[in-house]
Amino acid sequence: MTLLSPTATALLYLTAAVCFILALKGLSSPKTARRGNLIGAAGAIVAVITVFLSMKLDNIPWILGAIAVGSAIAAPIARRVQMTQMPQLVALFNGVGGGAAALVALLELAHRDDPWVRLAIVFTLLVGAISFSGSLVTFAKLQELMTTRPVVFPGLPVIMGASLLAAVATSAAVIVTGAGWLAVLLLVFGLLTGVLLVLPVGGADVPIVISLLNAFTGLAVAASGIVLGNVLLVVAGTLVGASGTILTRAMASAMGRSVTGILFGAFKGGSTAGSTVASDRPVRSSTAEDVAVLLRYAQKVVIVPGYGLAVAQGQHTVAELQTELESRGIEVVFAIHPVAGRMPGHMNVLLAEANVPYESLKEMSEVNPEFKTADVALVVGANDVVNPAAKTTPGSPIYGMPILEVEEAPQVVFLKRSMRPGFAGIENELLFEPQTTLLFGDAKESLGKVLTAVKAL
Amino acid sequence: MDGIALLTITVLSVFVGFEVVSKVSSTLHTPLMSGANAIHGIILVGAIIVAGQAADGWTLALALLAVVLATANLVGGFVVTDRMLEMFRGRKKPPAASAVSGNGTGSAGSGTGAQGAGR
């Protein structure tokens, strides 16, 4: 249908673009975040309705059917996903977005012979394909369908370079000839490059790579907007590309890493390849009753939550433990590492769900001086973010990452499932220190036992 | 639209994109990434245009695939972002009865339901 005049169409697209800007703006502050997200969704609805009303489209029943199918697949998954699996779901959605952009560009090639437009087409194809396959690999890593450790093999940099060169050469050929089979070949090289780009990235760095690929998809969408002459796609895609780049850098710096170091670090001698073998060195393990006594007669306890707490869904139990200890006059604070868990902010979200008061959550810089004055540091399912190797071992994959200085506390208690190392695959020397006690088991169960024991004291 | 106008819009959008997220706390990094992820799902508009102009079966099939993928990106992206942000709600509430009966039970219930249906 062409119910809308070109002017009305342009104004509606402008409205949608402003919604997207307000969405990003809103998402930058905790108070407005939820509203911001809804504004973004409203903008998307305006844009989709506008496209149906503003141009002559065939196959409308088919298109509506495809939209219904896409929604029916995605919405329930997004509704039901567990907290711990959200990062990989974001990766998956990002990947399919990149794939959609690549398909749009591929199909438009037949209708375009302007070389500049063809340049935008090959850009969309290549970047969309990289984003698609790269995101699928990050999904597989986070879902632990494959190893979370960096995958490197001899000649990887050479193959990577060759794949990129082949992609650039094919791009040039597509721009000159406009041949469809060459475009498909380019798609293949793009997919290959995406896989090779992400394979060497270590598990702990994967969230940053997701953010980077997110920015890539944004750029692909912007380029597809140039192909189709659609201003909204250009604005929305560019916004995501730019904000995604800033966000990627912010996330990397929160972990003390550089983006190039993450992508290419594993090439430099495999130092980031850790181990998943459980250590058999002696440690001091303990019972829930002993831990309860330590906590009960402390004046100040710092709890350090990590991924293990999220996996065990132990947030409500840890909140209960806090309430119980505080009712006995013991000061309890939570030390939140910015990248504890599998995504930045993971712990804040988790503990907020269990109604832990905001004032009890302390950020790294604020809480680090407090470990010295605390009596007990209780580490629940965290490992890499408290590993002193980040400060003391220059060769370590996490060297340079800011950590929570748990080793400063006079008593350290680790609640751990097993002696397996953390996500980065390196051993934590702190586990073998004399002030450290370990309580093995599922975080939620261990916390429950400790809680019962504290109540009994 | 002519090239220079598009270029102008692109450059200005880059600066807006840089500016709107310049001061964001690490707590919100993940929801922001997820929200930005949802926004590029607007490629759906492009997929609809291509599907609406498809002349042969193959083109239509591929274009419809693009529509499905783009919809998944758009709808799933906004829903999962909303779920993340849902967790921030109720933090300011007193941690007494209201919190237990309201937010806590609700999310715990949906979590269990998810497990049952998902596996």
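In chain B of this predicted model, residues 24 or more positions apart account for 52% of the contacts with a separation of 6 or more. For chain A the corresponding share is 79%.

**Chain B**

Chain B has five helices and zero strands, and its elements follow the order α-α-α-α-α from the N terminus. Buried residues make up 52% of its 119 residues.

Ser25(B) sits in the loop that joins helix 1 and helix 2 of chain B. With 17 other C-beta atoms within 10 Å, Ser25(B) is partly exposed, because that class lies between the limit of 12 or fewer for exposed and that of 20 or more for buried.

**Chain A**

Chain A has 17 helices and six strands. Its radius of gyration is 25 Å, close to the 23 Å that the globule rule gives for 457 residues, so chain A is as compact as a globular protein of that length. The C-alpha trace spans about 75 × 50 × 35 Å along the principal axes of the chain. Of the 457 residues in chain A, 56% are buried.

The domain assignment divides chain A into domain 1 (6-267) and domain 2 (288-456). Their centres, taken over C-alpha atoms, are 36 Å apart. The contact between them involves 16 residues of domain 1 of chain A and 16 residues of domain 2 of chain A. On the side of domain 1 that touches domain 2, helix 4 (86-108) and helix 9 (231-254) of chain A each supply at least two residues. That side of domain 1 consists of nine nonpolar, five polar and two charged residues.

**Contact between the chains**

Between the chains, 82 residues of chain B are in contact with 93 residues of chain A. Helix 1 (3-20), helix 2 (29-39), helix 3 (43-52), helix 4 (57-86) and helix 5 (97-118) of chain B each give two or more residues to the side that touches chain A. Helix 4 of chain B contributes the largest share, 26 residues. By class, the side of chain B that touches chain A comprises 50 nonpolar, 28 polar and four charged residues.

**The largest nonpolar core**

The largest nonpolar core holds 195 residues, of which Val304(A), Val379(A), Ile42(B), Ala47(B) and Val67(B) touch the most other members. Domain 1 (6-267) and domain 2 (288-456) of chain A both give residues to this core, so it lies between them. Leaving aside residues up to four places away in sequence, Val379(A) touches Val304(A), Val386(A), Val406(A), Val412(A), Val413(A), Phe414(A) and Leu415(A).

Val380(A) is in strand 4 of chain A. Val380(A) is buried, with 29 other C-beta atoms within 10 Å; the limit for that class is 20 or more. Not counting residues up to four places away in sequence, the residues that Val380(A) touches include Ile303(A), Val304(A), Pro305(A), Leu415(A), Ala443(A) and Leu447(A).

**Helix 11 of chain A**

Helix 11 of chain A covers residues 288-296, and its buried residues are Ala288(A), Val291(A), Ala292(A) and Leu295(A). Seen down the helix axis, these buried residues fall within an arc of 105°, so they line one face of helix 11. An α-helix has 3.6 residues a turn, so residues three or four places apart point the same way. The buried residues of helix 11 pack against strand 1 (300-305), strand 4 (376-380), strand 5 (411-416) and strand 6 (436-440) of chain A, and also against helix 13 (315-327) and helix 17 (443-456) of chain A.

**An exposed loop residue and selected distances**

Lys56(A) belongs to the loop between helix 2 (33-54) and helix 3 (60-80) of chain A. Lys56(A) has 8 C-beta neighbours inside 10 Å and counts as exposed, the limit being 12 or fewer.

| Residue pair | Separation along the chain | C-alpha distance |
|---|---|---|
| Val380(A) and Asp442(A) | 62 residues | 9.7 Å |
| Ser25(B) and Val75(B) | 50 residues | 26 Å |

Conventions
Residues are numbered from 1 along each chain as its sequence is written. Chains are lettered from A and ligands numbered from 1 in the order in which they are written. This is a predicted model: local features need pLDDT of at least 70, side-chain atom pairs count only at pLDDT 80 or more; totals for chains, interfaces and linings use all residues. Helices (H or I, at least four residues) and strands (E, at least two) are DSSP runs, numbered from the N terminus. The radius of gyration is taken over C-alpha atoms; the globule rule is 2.2 Å times the number of residues to the power 0.38. Two residues are in contact if their C-beta atoms, placed from the backbone, lie within 7 Å. Domain bounds come from an automatic or database domain assignment. Ala, Val, Leu, Ile, Met, Phe, Trp, Tyr, Cys and Pro count as nonpolar, Asp, Glu, Lys and Arg as charged, and the others, Gly among them, as polar. A nonpolar core is a set of buried Ala, Val, Leu, Ile, Met, Phe, Trp, Tyr and Cys residues joined through C-beta atoms within 7 Å. The arc is that of the directions from the helix axis to the C-beta atoms.
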